[in-house]
Amino acid sequence: MVTAAASVSSAVTSVSEKPLASSNRSRNLSSPITRLSFSKSLRNSSFPTCFSGPNPTISRRFTVCNTDCGSQVASKGGDQGINADPQRPTILVSEKLGEAGISLLRSFGNVDCLYNLSPDELCARIADFDALIVRSGTKVTRQVFEASKGKLKVVGRAGVGIDNVDLHAATEFGCLVVNAPTANTIAAAEHGIALLAAMARNVAQADASMKAGKWERNKYVGVSLVGKTIAVMGFGKVGSEVARRAKGLGMHVISHDPYAPADRARAIGVELVSFDQALSSADFISLHMPLTPTTNKLFNDDTFGKMKKGVRIINVARGGVIDEDALVRALDNGTVAQAALDVFTEEPPSKDSKLVQHPNVTVTPHLGASTKEAQEGVAVEIAEAVVGALKGELSATAVNAPMVPPEVLSELAPYVTLAVKLGRMAVQLVAGGKGIQNVKLVYRSSRDPDNLDTRLLRAMITKGIIEPISDSHINLVNADFTAKLKGLRISEERVRVDSSTDKPIESIQLQISNVESKFASALSENGIINIQGEVKYGIPHLTRVGSFSVDVSLEGNVILCKQVDQPGMIGQVGNILAESNVNVSFMSVGRIAKRSMAIMAIGVDETPDKDTLKKIGDIPAIEEFTFLDL
């Protein structure tokens, strides 16, 4: 039996037009996005099935939540383990989640609700779980991913911000991170407007005064909102909804967001301005930006110094974007007249926090998403994203994987199978110990090359090349990073062809240069391993090997034979396979010229044994052959 045992060198940097991310130390074949469930042809591909059975070397017990699990606080003791099904994925919910989300999770897997875990307790337990769902209170650090030992496949953040998750570590370990960015959008926007109005009219202070038995009408004179300028810093989902509502209050709305499309802002009457212009012209500033290294303490002594004296600030985004000590100084010197804050650098803040205790500050305990409707919506949204990821589907809310639109995923589904199998085929054609360093992918399509998104296909070809010859398990999250670590240099070319079909891609060609081949006929005239495939009627087909045109379905494994083009060859090979009860699914012969040399490509449902393969190789007219396990 002829197979490949190629090695991958580690000396060359990975090159790709649209880089993915990160490496994967996981040993679990069911990593997220290892298998994508889109169509019958895809499900029958070489992707391993998730959770096909229990691990015989591990005995675990799990607490399965009751329907009211969202309102329970589980014990910190050992797992309670009531008849958990070992074939189902295991999901840890570490913070309170709405009942609808818990129910959805329970319909798919074994769920443990373990709240208020310390960092050490989380690390001690995480290796038993395939998925972890958190809110903002749980820190998912590198230590958590290391402690998971490759078991953790997906982290779900029930909300928008993901600054409590170490994305770099997640990506390095091949763990998908998803969030729930839409369900709480309106709730957060409404809370921002509520804080805006409450601050402007001193609602919280007046309420506290009255409850203390006072009647201080003159002390709590507010300011009007109509006609004032509000700067919305960050024009994303929440920011744009705040802008709509501020317009309804009669305010002049400006916004700073370097990534916001001007036409979308204009559509709701918002003017996009520079950062400094927003600071200098606003009466109110509402923050709606993520916490990143760039935005960390972005609002500091310097930026407060650029603001209008008497400005008022609202923050329902992330606490860390404000330097809280600098804000206290700005409040004390009158630069900032008032602030209304729902988020803080440290949550909860200390009881003696000068910022929280400041008389001109209105505070709430991170209530942006705290409406009944939003809580249930977030729970369902994150549960759906986590379940989808565990099924192997790509989530539209993945934050450490390229955002591949759902319509692109659906359209490319059969090409994913083709990509994986071309990669697996190519690596098995390599001979010698030099290793694979340079791979070129050529996509032929009738579409404009700029409109052809090939990130998913590149990742799956990388998967096909690397997985058969290493212990890495590749997915869309870590494909390019792993390729770089392995010294695999991947380049892509998009070629536009005339075609009347609606197919997104006419063919995918895979070339490996500077290697020897165990099947010499796979080499093109310039000495490069060259194979090509197409999708026909939803099924991947091999259409070229070296300089020979073939047409064989890739639904099973493939035998390639270089033979003299003469009568009876198909029958001889077919009889040998039939004698061993190996079913032929497809057979194609491509030749250069009549009665010259030809390539016979045979699709088989079973794996022939060594004796059967030897009999094929012993046929006098067969010059060379190889079996490819796809």
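Helix H2 (residues 99–106) and helix H14 (residues 372–390) pack at about 20°, and their axes lie 7 Å apart. Helices here are DSSP runs of H or I with at least four residues, strands are runs of E with at least two, and both are numbered from the N terminus. Axes are lines fitted to C-alpha atoms, for helices over the stretch in contact, and angles between N-to-C directions run from 0 to 180 degrees. H2 and H14 are therefore roughly parallel to each other, a description used for angles under 35 degrees, while over 145 counts as roughly antiparallel, 65 to 115 as roughly perpendicular and the rest as oblique. Among the residues that make the contact are Ala100, Leu104 and Leu105 of H2 and Ala379, Val380 and Ala383 of H14; contact means heavy atoms within 4.5 Å.

The model is predicted: local features need pLDDT of at least 70, and side-chain atom pairs count only at pLDDT 80 or more, whereas totals for chains, interfaces and linings use all residues. Residues are numbered from 1 along each chain as its sequence is written, and side-chain values use heavy atoms, with hydrogens and water left out.

The next topic is a sheet. Four strands form an open sheet in the order S22-S23-S21-S24, with antiparallel pairing. Strand S22 (584–591) and strand S24 (622–628) stand at the edges with a single partner strand each, so one side of each has no neighbour in the sheet. Neighbouring strands of this sheet are turned by 15° against each other on average, direction ignored. Two strands count as paired if DSSP finds at least two bridges between them. Strand S21 (residues 557–564) and strand S23 (residues 597–604) are joined in the antiparallel sense over eight bridges. Within S23, Ile599 is the residue that Lys562 stands opposite, and Ile602 is the one that Ile559 faces. Helix H18 (residues 569–579) packs on the sheet, where it touches S21, S22, S23 and S24, and its direction makes about 30° with that of S23. Helix H19 (residues 610–617) also packs on the sheet, touching S21 and S24, and its direction makes about 155° with that of S24.

Buried means under 20% relative accessible area, exposed means over 50%, and partly exposed lies in between (1.4 Å probe, protein chains only). Both faces of S23 are covered, with Met597, Ile599, Ala601 and Gly603 buried on one side and Ala598, Met600, Ile602 and Val604 on the other.

Nonpolar cores come next. A nonpolar core is a set of buried Ala, Val, Leu, Ile, Met, Phe, Trp, Tyr and Cys residues joined through side-chain atoms within 4.5 Å. The largest one has 54 residues, of which Leu510 and Leu542 touch the most other members. Its largest share, 13 residues, comes from helix H15 (residues 406–429). Leaving aside neighbours within four places in sequence, the contacts of Leu542 include Leu422, Met425, Val550 and Leu560. Another core, of 29 residues, lies apart from it, and among its members are Ala282, Met307, Ile313 and Leu331.

Finally, Ser255 belongs to strand S7 (residues 252–256). Ser255 is buried, with a relative accessible area of 0%. Not counting residues up to four places away in sequence, Ser255 touches Val232, Gly234, Phe235, Val270, Glu271, Leu272 and Val273.
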